[in-house]
Amino acid sequence: MEESVRRVWSALDREASRLSVASIADLFASDADRTSRFTLESADLRLDFSRQRIDSGALAVLVALAEATEVPAKRDAMFAGESINSTEGRSVLHTALRAPIGTRIEVGGVDVVHAVHSARERMAHLVDGMRAEGIRTVVNIGIGGSDLGPAMAAGALAPFATTGIGARFVSNVDPADLAACLAGLDARTTALVVSSKTFTTQETMANARSAVRWLATGLGLDEESAVSTRVYAVTSNIAAATAFGVAESRTLPMWDWVGGRFSLASAIGFSLMCSIGPENFEAMLAGMHAIDRHFVETPLDRNGPVLLGLVGIMNRNGFGYGSRAVIPYLQQLARFPAYLQQLEMESNGKRSDIDGEAVLRHTSPVVWGEPGTNGQHAFFQLLHQGTDIVPVDFIGARRSTARGLDPDDVDSQHEKLVANLFAQAAALAFGAPAATDNPHALGEHRAFPGNRPSTTILMDALTPSTLGQLIALYEHATFVQGAVWGINSFDQWGVELGKALAGDVSSHIADRAAPTNLDPATRAAVAWYRP
Ligand code: F6P
């Protein structure tokens, strides 16, 4: 690590120890403008960092850290299509997926924005075809980035499902997942979308084969005919999709310059588009692009993704908090924490820097969460009074998009939801002393220490555009953190050993006599499983 960077890290440590003796309440008391100073707008999102343990001095050091670690130059290199995923020799161009037509970005002499737009025209055309054929449900078969993004977004945008085609998602190789996904479906009105960048992922291919058998049985066709008429593929491995029997006209492209966890805006979002329609899909992309512009054009100290990332750095490295909760006060965002887990933990859960040296600072915290208010009746006890401090990201909207209920009921329930969000952020930040006026008071048991940081992200309503903005906000915050830590946020070598061992274990289960390198405990487990 360069000396100049080391110096800024040391300054950050000093800021953290200075701030560790000041409570969030003290920070508010000493700055009448604190709320507006630490609240900013990023496109249509309102980001309130005022309940974080930062002040102007700390913010200046965090911004200096972003500059010293060359966040702006790294950002520009990403947007320009430079090969920043160095361990895989790839560009990182999810931002090109939502760039307007005419934007010129080339990889290997190919105009990627043009390729993206022609793929999207094909997606829209295939959706029209499905509607004409009377398809009522698409089953997306994928895992990780080929599942979490579209599944999360389909739930988030359920009120915008306009095509008459429902989307279901199956990911786990556990047959119970596929059985539940297919339950009640009529093969005659169902299409399968096999979403896999590599088209080799064990879980996806096993589910695809079983689902094809289900489809063929339901249609009274042989498997080959069932695949050629009712199966779509999204992949960068066109040859494997063709070998599986998927017609070329039903195969949509993926590119090696899009990482799985950043791929929702690509054809990996096809199942989502089948359900919300091309127009809403485009609106989501426009929302993402609005944040892309904001990220590129806004000074660092007013830049939403930059500050979200830097506040995370302060919490992780300044104060040593090992986890972060993401609590959407929007039931439709129920899968958002799971989506963020892959985005952040697969991107930034790394112990080696970009040069292969050990990192000197902790990297990604554990990211977890559930929607509010449910979480309040489950794990919020620990957030308020536990021994670990867990920073929280609260996400909420001014209006509900829920449909099918009396509008007055929607309004009044939504108001309660929002009131709870605001109340929880306040309770965590400011706490409350133990009641002393009651002879039966339970003293410390009833005291709330407060000083527990949170960020609040608000929008008018959860729409395709604001969802796109929220996704891009976190994508870029994840990038900022990876850039500050000096790691490659775009590979995922840590998933490989388990995959390889699963192959070895499967072989050992199939043929116990074959030589194996498996450890004694695993061999014993196999012997128990198949005596
Ligand atoms: O195992 C991790 C991973 O490679 C993720 O990064 C990816 O999103 C997921 O598997 C699925 O991969 P694919 O789209 O190739 O099936």
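1. A residue counts as exposed when its relative accessible area is over 50%, and as buried when that area is under 20%. Arg104 has 58% relative accessibility, so Arg104 counts as exposed. Keep in mind that this is a predicted model.

2. Arg104 also has a charged partner. Its side chain meets that of Asp111 in a salt bridge, at 2.8 Å from N to O. In general, side chains of opposite charge can pair when their charged atoms come close.

3. Arg75 makes a salt bridge too. Its side chain meets that of Asp76, with 3.0 Å between N and O. How accessible are the two partners? Arg75 is at 8% relative accessibility and therefore counts as buried. Asp76 has a relative accessible area of 40%, so Asp76 is partly exposed.

4. Across the whole structure, the search finds 22 salt bridges.

5. Now the ligand. Which pocket does the ligand take up? The space taken by the ligand is the largest pocket. The ligand is surrounded by 14 residues. Gly145, Ser146, Ser196, Thr198 and Thr201 are the closest.

6. The shell around the ligand is made up of 9 polar, 3 charged and 2 nonpolar residues. Gly is counted as polar in this scheme.

7. For Thr201, a polar side-chain atom lies 2.5 Å from a ligand oxygen. For Glu346, a side-chain N or O atom is 2.9 Å from a ligand oxygen. How much of the ligand does the protein bury? Taken alone, the ligand exposes 400 Å², and the protein buries 87% of that.

Conventions:
Residues are numbered from 1 along each chain as its sequence is written. This is a predicted model: local features need pLDDT of at least 70, side-chain atom pairs count only at pLDDT 80 or more; totals for chains, interfaces and linings use all residues. Side-chain values use heavy atoms; hydrogens and water are left out. A residue is near a molecule or strand if one of its heavy atoms lies within 4 Å of it. A polar contact is a pair of N or O atoms within 3.5 Å; within protein, one must be able to donate a hydrogen and the other to accept it, and residues adjacent in sequence count only if both atoms are side-chain atoms. Accessible areas come from the Shrake-Rupley method with a 1.4 Å probe; for residues, only the protein chains shown count as cover. On a 1 Å grid over the protein atoms alone, a cavity is a set of points where a 1.4 Å probe fits but cannot get out, and a pocket is an open set with protein on both sides within 12 Å along at least five of seven lines; lining residues have an atom within 4 Å of a point. A molecule sits in a cavity or pocket if more than half of its atoms lie within 2 Å of its grid points. A salt bridge is a side-chain nitrogen of Lys or Arg within 4 Å of a carboxyl oxygen of Asp or Glu. Buried means under 20% relative accessible area, exposed over 50%, partly exposed in between (1.4 Å probe, protein chains only).
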